[in-house]
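Work through the exercises below with the structure in view. Each task is followed by a solution in steps.

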Amino acid sequence: MKTRLRLLFIFLCSTTLITAQQPKKPTSSEIYESIKKLNFLGSVLYVAAHPDDENTRLISYMSNEVKARTAYLSLTRGDGGQNLVGPEIRELLGVIRTQELLAARRTDGGEQLFTRANDFGYSKHPDETLAIWNKEQVLSDVVLAIRKFKPDVIINRFNHRTPGTTHGHHTSSAMLSLEAFDIVGDKTAYPDQLSMVDTWQPQRLFFNTSWWFYGSQENFDKADKTNLLAIDTGVFFPSDGLSNPEIAALSRSQHKSQGFGSTGSRGSQIEYIELIKGELPSDKTNIFEGIDTSWNRIEGGKAIGDILYAVEKYYDFKNPSASLTELMRAYKAIQNLKNEHWKAVKTKEIKDIIAACAGLYLEATSNTNQTTAGSRVDLNIEVINRSDANITLSSFVNPNGIKIDKNIPLDNNTRFDFKETLKINSNQEVSTPYWLTKKGTLGMYTVTDKSLIGKPETPRNLNVTFHLAIENVSIPFTKPIVYKTNDPVKGEVYKPFEIIPEVSAKISEKVIILDTDKQRDIEVIVTAGRDNVEGYVQLAYPNNWSVYPEKQKININHKGQEAHIIFTVIPPKEQSEGLLTPMVHIGDNIYTKELIEIDYDHIPFQTVLLPSESKIVRLDIQKRGENIGYIEGAGDVVPESLRQIGYNVAILKPEDISAENLSRFDAVVIGIRAYNTVETLNFKQQILFDYVAQGGNMIVQYNTNRRIKVDQIAPYDLKLSRDRVTDETAEVKLLATDHEVLNFPNKISPNDFEGWTQERGLYFPDEWSEDFTPILSMNDDGETPKTGSLLVAKHGKGYYIYTGLSFFREFPAGVSGAYRLFANMLSLGKNDINSPNQIKN
Ligand SMILES: [Zn+2]
């Protein structure tokens, strides 16, 4: 743990993206590595689709061994996946994965870039991906990333020549990168960008291949390697005491929400990259061959190189500050460079080195981590020089641009503290991820401010600037205001300093399902962002619904305090759905957003503002049976959803599965991937099948076809496949139109398959015994019909049902048809008016 924390601060050059983090405190050898990096003027851009696609061994090698400026362009932020560390999904998961990528880059020394493309879920083919993404916009963003970052070399993670063999997002990332390579240098391509950036032409483009892409090690050994470069990334860094693969593993382990903890290795490790565009280097280990990566590559660079190569050569590990006079000369010369790109890059790098060599510590902390526009906050400012260099604090500029002259000489190791009160502008924008401020589409985020496109996070604009004179050269250092506190367990804890609205509100439940026309009480939680909030709350609701009372007063005394307010909602008689949004009126302002906080140890504290809305659904639904036993698998919210529509759902642990316990249930439902994750179920299958034979209903939701931990999934032959239907709008044909499951107690029609989300289903069986009746048929575009999504078999007196339909995704989204169909599955065999379990609706 200690090593990991230390590593976060190791790489000076990775710090362009660190915002509101613990300050870096580099060691003498880390400063030296940064000086070497300062003297390398070459860059490489790695391109793929998702957080976790990136090869951290290659990124770390390029950054830490080659010393190249290295970035990872992830087209998406990974909204589509599952979260192994907490409840956040979709856009909130994208916020977590964005921060995990930044944490990975702080570890491996890279930088992080994005496009506006949204990870909308699994896609089988780039044609589908590029139809859902706005291809022109994503290509434009890739071009913009290249024009901004100006890489000499691009490396794709995926093969652009093999569509359909991997996730469509993957192949698309390689195709777009290739397409961008050909047009980035052309002034007529995306000319609107040229007000922000110049054109640029990278020299080479590679594909980061491996034996895996050849099917086997044997095939790879035989393959023609003329166009392949082989790079040994297994180098050891004595200054860190770590091998490159060990750093890469620490970086990869930041992807905690995906469970990608990784163990490092030592010793030689070859990475292969295949040349796709540009000239093949004769040195098959050097991607920069023929590219000038010295200071000579820029006009005016030679004189700077003369100074800085000497600084590198004569660096004193015992006294880094001995380099300060020369570093300040170089800093001054860099300010005169005509090349704005390298000027900006190298100014940032050398300033970090100068601060580190001087042992400078410059910090402005606030007395709170969250405040509102128009408020006042107290700042504590600490300034210290820990070197013999001649340093003066000339002035201090607060975030409102007010300059305060200081002229304080900073003597070696003598701390200078002062306090300031900051009035936050009344029009100061709230802090939230910029890509979530406007409603996007399925495939794209909407970003109105073009200058933000590609940035990993919203730039911090509450910054202070310290103007120093070091060895009589003036130099400014800009720092974001941070919040710092001491936690009795964790010790020093930093949080970003953020602006929140004076009030935020949410409804406790995100989806509210009403299975009758009875009224329901809804709780609205209003949270104050400042002291003394006074106003009233209303609910916005769908047309044919009613809500009372119309408005209610709120009066909250303290910042952070909540008011819980109850509204009564009356649904219409017929099936209906819509959105409920709390509207809080304070003075002339109306607030309709919910404030979400994300707090994990491995990433900075995140504040996210999203539209506060809950889906409300009046279901036209009939049910038979009332007691459901639920055997949990990999985790889903199906039990809560079934409770919402009036079932009694009991969670059954594997050890509780016995004939006697099962006999009290009208149906037993198996959670998603239970047969992949719960080994002990193998010993319970026969008991469950016997329960069915005695007249029970057993519903098994999807399992993957690999790593099945039970010998027999069903009482009859059933073989799972990888068949899936990813298009959530794919037409659904009713095959067994007369089957009870489509008719009782709810008449199922194609309408019930409207409004589904993310996908139809996955891992459908493709072979089954004739005891099963296939109920539905569906397929993605251009594929054969898949009939295994819902299979029903009579077994003894009861029913066994296997379904790969994604009920676990549809229920939390409040999809009525999914509820109606599931109710029929639970009601199978109860089409008998004398049934003791019949419930009247
Ligand atoms: Zn991926």
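This is a predicted model: local features need pLDDT of at least 70, side-chain atom pairs count only at pLDDT 80 or more; totals for chains, interfaces and linings use all residues.

**Exercise 1.** Describe the salt bridge between Glu594 and Lys510.

Step 1. The closest N and O atoms of Glu594 and Lys510 lie 2.7 Å apart.
Step 2. This pair links distant parts of the chain, 84 residues apart: Glu594 sits in strand β30 (residues 593–598), and Lys510 in the loop between β21 (503–507) and β22 (511–514).
Step 3. Glu594 is buried because its relative accessible area, 9%, is under 20%. Lys510 is partly exposed at 40%.

**Exercise 2.** Which residues coordinate the zinc ion, and how are they spaced in sequence?

Step 1. The donors are His50 through ND1, Asp53 through OD and His170 through NE2, at 2.1 to 2.2 Å.
Step 2. Along the sequence the donor residues follow the spacing H-x2-D-x116-H.
Step 3. His50 has a relative accessible area of 9% and is buried. Asp53 is also buried, at 10%.

**Exercise 3.** How many salt bridges does a search of the whole structure find?

Step 1. The search finds 35.
Step 2. Another of these pairs is Glu492 with Lys484, with closest N and O atoms 3.9 Å apart.

How values were computed:
Residues are numbered from 1 along each chain as its sequence is written. Side-chain values use heavy atoms; hydrogens and water are left out. Donors are N, O and S atoms within 2.8 Å of the metal (3.2 Å for Na, K and Ca); water is not among the atoms, so sites may look incomplete. Buried means under 20% relative accessible area, exposed over 50%, partly exposed in between (1.4 Å probe, protein chains only). A salt bridge is a side-chain nitrogen of Lys or Arg within 4 Å of a carboxyl oxygen of Asp or Glu. Helices (H or I, at least four residues) and strands (E, at least two) are DSSP runs, numbered from the N terminus.
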